[in-house]
Amino acid sequence: MIRRTATAVFRKDLLIEWRSRALLTRVVPFAVLVLVLFAIALDSEPLVLRAGAGLVWMTTLFSALVIVQRSFELERRDGALDVLKTLGVDGTALFLGKAAALIVQLLTLVVILVAGAVVLYGVNVEPSALVLLVTTALLGSCGIGLVGTLYGGLVSGTSGRDTLLPLLLMPVTAPVLIGASRATESAFGGDAIDATTAWAWVGLLAVFVAAFAVAGAVSFGPLLDSDS
Amino acid sequence: MTTITTPTTSRSTSTTATRVLGTVALVLMAWVVVSGLFLTPADVVQLESVRIMYVHVPSAWIAYLAFVTTAVASAISLFRRHRSLGFDRVAGASAEVGVLFMAITLVTGSLWGRLTWGTFWQWDPRLTTTAFLFVTYVGYLAIRRLDGTPRQRARRSAILALLAVLEIPLVHFSVVLWRSLHQEASVLNTDGDVRLDGLMLFTLFSGVIAFSAAFAWFVVHRQRVAAMEDLRLTSGLDVALAERRAEAVPS
Amino acid sequence: MVDVRDAVVTMAGFPALAGATIAVREGDIVVLAGPNGAGKTTLLRLCAGLVAPVRGSARVFGLDVAEQRDEVRSRVGFLGHANGLYGELTTRENVAFHAALVGASRDEVDAALHRLGLGGRLADVPVARLSAGQRRRCALANLVVRRAGLWLLDEPHAGLDATARRELDDTLLAASRSGATIMFASHDLDRLGTLRPRIVRIESGCVTSDSSLRKGAGQ
């Protein structure tokens with residue numbers, strides 16, 4: 001039952017995204033633009049090259065705010081979330097479905113941003129670092145996607161949602177930012193971080209993902225109910 | 001006979017218990033001030049600036065005590081039907097007072113660092129985690145102020161508080177791991193080099209007790225005020241019910 | 001089927017329902033009549049398991065709406081003022097989503113669309129481009145494909161022209177004949193047409209009259 005519902009929600013969210021192409025036509029250009037603006041603001045190619053990994057993940061975080069808001073806005077617009085609640089849809093299933101759709105979108109974004117860093121910042125990715133890079137991208141997207149869905153659900157429908165989501169989400173995503181940035185930095189050939197440390201950061205990301213997957217699955221249902 | 005979580009029927013929120021608590025806190029505070037400023041010796045390395053420790057360390061302790069109190073009260077509020085709103089009020093009161101002490105911790109820590117090394121901020125794990133804790137709790141208080149019934153507010157903020165229990169250790173661990181990459185961080189600890197003699201230790205200890213008593217006093221009063229606010233809402237319901245029924249004219 | 005006794009429901013402290021009592025049997029068609037703000041929407045939401053009474057009780061399908069809320073919700077079809085549709089998706093995709101939630105087959109989706117006159121070309125149009133009446137019917141198709149036993153509709157006729165209203169009434173009648181129990185709110189009783197529902201009046205949060213109690217009094 002949960003899997004059926006979660007799959008239905010996942011497919012529905014991605015179908016809507018595909019129809020409207022909001023991610024590809026609006027969020028991605030915004031994100032790439034932010035990468036460009038960072039380079040302009042920092043005004044130093046060696047600095048930007050060194051900071052590349054961090055900048056990619058900062059940009060992902062900012063873009064995530066937009067994507068999460070949108071994900072819940074389309075439920076709110078015609079009272080769709082209310083209708084889902086009236087069905088007695090399982091909160092866990094709803095959480096997993098929406099989070100999965102969000103993760104897919106974030107992963108797409110991260111891949112594009114990494115390509116952007118290669119092109120714009122002169123970053124070099126060795127084939128040997130590919131596994132590390134892919135794992136980090138995957139876990140980082142999962143981390144942001146999970147807490148994004150959870151906190152997005154917390155503020156959805158409330159009067160403060162536009163300003164509250166950034167305030168609540170940013171502290172929580174700090175571990176992902178730190179971990180993903182450091183691991184990505186290593187994958188980009190940074191000398192400051194060796195492979196062992198990089199994988200330790202990946203381990204931290206994995207713990208984060210596991211913790212919030214469980215927390216979200218458990219609390220999303222009660223969270224939605226607090227609106228009735 | 002009123003208990004800590006039951007609102008009093010009089011206009012004031014103080015009882016014998018809180019008056020005793022308040023007096024104890026005041027007396028201990030006075031002792032800490034006197035001892036901290038005048039009686040304890042200056043540090044060999046840091047000279048007089050070490051005295052900030054008597055405010056900073058207890059504040060940090062209270063900040064984390066408040067965090068734990070809010071978390072525990074939120075958990076009880078979520079999982080127990082009976083008196084669940086009372087525990088939610090305690091959680092909210094503890095968060096409000098806690099945010100104050102978090103701010104004090106950050107400011108005093110920052111000043112102490114400034115006096116000791118000349119910079120306002122060191123990325124040491126304790127201060128950085130406290131900063132995250134502060135922002136998280138500002139967000140928590142913002143959530144509590146949204147419209148909704150007391151029950152909605154209780155549910156939403158309790159979940160947020162418990163998520164913070166998950167989040168803060170993760171943040172702390174990340175920062176610790178992060179700073180360990182930068183070797184100089186391990187010596188950047190304002191109270192790491194201070195040698196504490198008997199009187200300093202005792203004053204520090206009294207400071208912790210004094211601040212804890214003050215914390216408890218603030219929380220009890222704030223919780224009672226919140227209870228009175230909620231009571232006003234419910235008694236308003238009976239009046240509103242009567243008025244509404246009077247409007248209905250059966251055909 | 002529905003058994004509400006002296007229910008008090010508050011919205012932000014205000015008693016939207018101030019002690020309402022109503023009983024509905026399986027297969028009934030009931031209209032809740034009354035002015036704006038009388039509590040019709042709240043009563044429907046109560047029966048849908050969307051709000052809980054602070055005093056009194058409410059049971060649907062023999063289940064308590066507060067204690068067994070998820071079960072109540074899964075068996076009831078509630079349609080408020082909003083349709084709960086996703087504008088970017090077509091009619092068929094919207095109904096298919098609800099079908100996927102309950103495990104209904106593609107044939108059931110087609111049948112539901114057909115029953116509500118949304119087959120053919122309309123099925124593949126994004127819902128945002130449909131008229132108000134067509135969107136309302138799409139929302140009802142969702143109820144049909146979910147096999148809801150109790151339909152709770154909040155002013156379903158609002159914003160519909162005469163043709164659309166007639167189509168809606170036909171849909172409701174057909175649903176009733178297939179075994180669904182229907183409760184809907186309306187503040188315009190003159191245009192009930194073919195439905196002949198039981199009329200329950202609500203004012204100021206209380207039920208003030210019930211036509212089923214006046215035997216032989218006619219509509």
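**Figure 1. A salt bridge across the contact of chains C and A.** In this predicted model, Glu93(C) pairs up with Arg19(A), and their closest N and O atoms sit 2.6 Å apart. A salt bridge here is a side-chain nitrogen of Lys or Arg within 4 Å of a carboxyl oxygen of Asp or Glu. The rule finds three salt bridges across the interface of chain C and chain A. As for polar contacts, there are nine residue pairs between chain C and chain A, with both residues at pLDDT 80 or more. (For those, take a pair of N or O atoms within 3.5 Å; within protein, one must be able to donate a hydrogen and the other to accept it, and residues adjacent in sequence count only if both atoms are side-chain atoms.)

**Figure 2. What chain C brings to chain A.** The contact (heavy atoms within 4.5 Å) takes 23 residues from chain C and 26 residues from chain A. About 2200 Å² is buried between chain C and chain A, 59% of it on carbon and sulfur atoms; buried area is the accessible area (1.4 Å probe) that two parts lose on being put together, summed over both. On the chain C side, Tyr86(C), Glu88(C) and Leu101(C) lose the most area to chain A, together 30% of what that side buries.

**Figure 3. A ring pair in chain C.** Tyr86(C) and Phe97(C) make an edge-to-face aromatic pair, 5.8 Å centre to centre with 75° between the planes. Rings of Phe, Tyr and Trp (its six-membered ring) pair if their centres lie within 6.5 Å; planes under 30 degrees apart count as stacked, over 60 as edge-to-face and the rest as tilted. Because Tyr86(C) lies in the loop between E6 and H3 of chain C and Phe97(C) in helix H3 of chain C, the pair ties together parts eleven residues apart in sequence. Helices (H or I, at least four residues) and strands (E, at least two) are DSSP runs, numbered from the N terminus. Tyr86(C) is buried at 2% relative accessibility, and Phe97(C) is buried at 5%. Buried means under 20% relative accessible area, exposed over 50%, partly exposed in between (1.4 Å probe, protein chains only).

**Figure 4. Two Trp rings in chain B.** The structure holds ten aromatic pairs over all chains. For Trp123(B) and Trp178(B), the ring centres are 5.8 Å apart and the planes at 65°, so this pair is edge-to-face. Trp123(B) is in the loop between helix H3 (84–117) and helix H4 (125–144) of chain B, while Trp178(B) is in helix H5 (residues 150–180), 55 residues apart. Trp123(B) is partly exposed at 44% relative accessibility, whereas Trp178(B) is buried at 18%.

**Figure 5. Charged partners in chain B.** Asp88(B) and Arg144(B) meet in a salt bridge at 3.0 Å, N to O. Asp88(B) belongs to helix H3 and Arg144(B) to helix H4 of chain B, so the pair ties together parts 56 residues apart in sequence. Both Asp88(B) and Arg144(B) are buried. Shared partners also join Asp88(B), Arg89(B), Arg144(B), Arg153(B) and Asp230(B) into one salt-bridge network.

**Notes for all views.** Residues are numbered from 1 along each chain as its sequence is written, and chains are lettered from A and ligands numbered from 1 in the order in which they are written. In this predicted model, local features need pLDDT of at least 70, side-chain atom pairs count only at pLDDT 80 or more, and totals for chains, interfaces and linings use all residues, while side-chain values use heavy atoms, with hydrogens and water left out.
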